[in-house]
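Reader: I'm new to this and have a model open. Can you walk me through it?

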Amino acid sequence: QNEEKWDFVLVSDIHEMGSEKEIKRKKFLDELSKKGFTIKKIEDTKLFYGVRAPQHIFWKYQCLLTNPNSRQQNSSAYQDVPVTTRIRVVHFILQNTVTSDLEKLHDLMKKKVFEAAFPLHKKEEIREILKKKWARWRVLFKEQPIEEIRCYFGEKVALYFAWLGWYTYLLIFAALAGLATVAAGATVFSSSQVSKEICDANNTIMCPLCDQNCSFWVLSDTCTYAKVTHMIDNEATVVFAMFMAIWATVFLELWKRERANVATSWDLYGWDEEEEELALQLINNSQHEPRPYQHSYFRSTIVLILALLMIMVLIGIAHALVIYRAVAMALFTQSEVNLLSKHADIVAVMTGAVLHYITIVIMTKVNWHVALFLCDLEKPRTFSQRENSFTVKIFLFQFFTNFSSLIYIAFFLGRINGHPGHYVRIAGHWRLEECHPSGCITDLFIQMAVIMVLKQTISNIMEYLIPLISHQLRKKKKRPKKRNLMLGEEEEAEDPCKRQWLNNYELNEVNIFSLFNEYLEIVIQYSFTTIFVAAFPLAPLLALINNVIEIHMDAIKMMRLRRRMVPRKAKDIGIWLQVLEAIGILAVIGNGLVIAITSDFIPVQVYKYMYSPCMRENHTSMDCSTGYINNSLSVFHIQDFEPHTKVLPEFKGQQIKEYRDYRNADDYTYTVQFWHIFAARLAFLILFEHVALCVKLIAAWYIPDVPQKVKNKILMEKHSNLRNELRWVMPWKVPG
């Protein structure tokens, strides 16, 4: 039985005898044989080589990496090495075995000498448990078997699922708070004075929204929109934004505690990645010299400049989307189709959002290659260093890809487009788009909703269907040839390994980035859930639904559709923690800006406490925001329109129309109220951010990173180790 335990399988095409590829393959397998590896060959449509490492390699590994006091206790009895460790050690040796031509497995795979190398999914008890308790849709709301995941996929994958499960669990609270905010908007604030005034404004005639074919319109047309806007733009949103800033901090602090528990129960506190790597290098080659740390300011400068250039390109793409919307708006309003010309603004925003989604999909691929290229320029020393450097770069690029368009809509849209009679134009022709008449937050809400729904549904479907279909295709492709072979020679098909190796080969391949992709997807989603959450309080709910599905989809992919991942050791989620902390700070700034700049919260407050009837006369019974809408409109004289604005004939006689801004009627300069509001926005922003950041700091201080139980456990271990050392020292120190 023991004979048939194979650590790795190498797959290669059947090359002609004496060909260059065949010679290279033989050289590599000979190197492995010299190291004491057992190799078994099975021939099918491809050549399969089963590889098993000799036991002494794992003894060396245990010797080098167990702590000294445990070495004294059981120097005679070596425990069995866990399967995950076996696979990790063998994988390292395979990747670092050098042939006489100075080629490693990586180079041989590039030259198509070998096609694949993978560890096997074996029929183990633990695999059956995972399939039953984890990798199926029926257990959607059950707790994940983290301990079993660790024993099968290693610590790194187990930590990812522990983190994802923890994040999903805490999203329940954020989702409930978001629902409560929307519910409050729909009930308490639905009868708000502001939306009532918009709905009653039958005589308020507004300036046209485009140059051609747009007539003047009545403010009460936007009644429904005003009500929807008020559902997301009200006092409850401010409280919710504050809550989310605290939630993000508490989530990370609680995760640090959870991680500390996990790391001690898995005995990872003393584990050091660098030491592990050096030990593996020495086991592979006892003459190995470590590669020293290096840092070059010249390289760093080049990388920095290239990264900034890339970010400029991504911001440029956001500008292109802005131009698209301005041009689309002009073209849709002139369209013959009545539906298009009537709802031109919404159609422009919706198609803009879809286009934005398409650019996200394309740019993700480009960002990937650029980040890899920049990583190679830096020449990181170890795999984990390379991974960290890659993580930071790809996250920055992805952040700008996903958010530059949203940042424009939130903070610039409708603020830089001039005023009637003096519009800012693209190429002197197309008017920059304005916010929706009922407020800019509506545009941000639409954009967020479209992107989050599209991103989560489409990418999840693709993520599941592509591996499923490609697995089915691989199966179909491999089978028929095999059957012919079985008819010819019965006895060769008897080998029990053959079926198992073929089944594993037919699964989709995994690479070092398989887990990285999952992290990146969730971290970008976390950004959406926290940064602009004030404009889209339903984001946490969408994220929660997505994550519950995501956990089980990832599980099914890993267990049933993909080859087994090479297990890696890790004691935390690595640099992702710093990325999440950075997002937490961005979330405070982002939500502060959304409430201060995008929403109508501040103008309404300024009006209430400085300009409303309540201030002039002592009306306690009256709603203080009465008259706000009329106050927020400015007067415009039709004769001041630019020549290429067509005014429809029925309005030729009338002189005065209105638009939303705070400007004087005679020379269109800003009024004093505009500057009051501007000052109030800044004051609110500074106040909100300082309060939120202080609360974050207090929360971080209040919740200790490491639970007392864990600290005490480590303390007792250190104490008993030192005591043992002392016992060994005592006899020699007796003075003669």
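**A loop residue to begin with**

Reader: Is Asp-267 buried or exposed?

Author: Asp-267 counts as exposed because its relative accessible area is 60%. Exposed means over 50%, buried under 20%, and partly exposed in between, using a 1.4 Å probe and protein chains only.

Reader: What am I looking at, a predicted model?

Author: This is a predicted model: local features need pLDDT of at least 70, side-chain atom pairs count only at pLDDT 80 or more, and totals for chains, interfaces and linings use all residues. Residues are numbered from 1 along each chain as its sequence is written, and side-chain values use heavy atoms, without hydrogens or water.

Reader: OK, back to Asp-267. Where does it lie?

Author: In the loop between H11 and helix H12 (273–284). Helices (H or I, at least four residues) and strands (E, at least two) are DSSP runs, numbered from the N terminus. Asp-267 also has a positive phi of about 60 degrees, although it is not a glycine. Most residues other than glycine have a negative phi.

Reader: What about the phi of Lys-379?

Author: Positive too, at about 50 degrees, and Lys-379 is not a glycine. Lys-379 is in the loop between helix H15 (344–378) and helix H16 (383–411).

Reader: What does Lys-379 touch?

Author: Arg-291 and Arg-299, leaving out residues up to four places away in sequence. Contact means heavy atoms within 4.5 Å. Lys-5 is 374 residues from Lys-379 along the chain, and their C-alpha atoms are separated by 37 Å.

Reader: Zooming out. How many helices and strands has the chain?

Author: It has 26 helices and 12 strands. There are 736 residues, and 51% of them count as buried. The C-alpha trace spans about 105 × 80 × 55 Å along its principal axes. Take the contacts with a separation of 6 or more: 78% of them join residues 24 or more positions apart.

Reader: Now the sheet. In which order do the four strands run?

Author: The order is E2-E3-E1-E4, in an open sheet with antiparallel pairing. E2 (38–43) and E4 (116–118) are the edge strands, each pairing on one side only. The twist averages 20 degrees from one strand to the next. Two strands pair if DSSP finds at least two bridges between them.

Reader: How many bridges join E2 to E3?

Author: Six, and E3 covers residues 47–52. Glu-43 has Leu-47 in E3 as its bridge partner.

Reader: And how many join E1 to E3?

Author: Five, again antiparallel. Ser-12 stands opposite Leu-47 there. E1 also pairs with E4 over three bridges, and Val-9 stands opposite Phe-118 in E4.

Reader: Why is E1 largely enclosed?

Author: Five of the five residues of E1 are buried, so the rest of the structure largely encloses the strand. Phe-8, Leu-10 and Ser-12 point one way, and Val-9 and Val-11 point the other. In a regular strand, side chains alternate between the two faces of the sheet.

Reader: Which helix lies across E1, E2, E3 and E4?

Author: H18 (residues 496–506), running at about 80 degrees to E2. Axes are lines fitted to C-alpha atoms, for helices over the stretch in contact, with angles from 0 to 180 degrees between N-to-C directions.

Reader: New topic. How many residues of H22 are buried?

Author: Eight of its 11, so the helix (residues 601–611) is mostly covered. Among them are Phe-601, Ile-602, Val-604 and Tyr-607.

Reader: What covers the buried residues of H22?

Author: The cover includes H9 (193–200), H11 (235–265), H21 (576–598) and H25 (672–702).

Reader: One more loop. Where does Tyr-668 lie?

Author: Between strand E12 (656–660) and H25. Tyr-668 counts as buried because its relative accessibility is 11%. Its contacts beyond four places in sequence include His-419, Phe-636, Asp-640 and Arg-663. Leu-633 is 35 residues from Tyr-668 in sequence and 12 Å away, C-alpha to C-alpha.

Reader: Last one: is Thr-359 buried or exposed?

Author: Buried, because its relative accessibility is 18%. Thr-359 lies in H15. Leaving aside neighbours within four places in sequence, it is in contact with Ile-317, Leu-321 and Thr-401.
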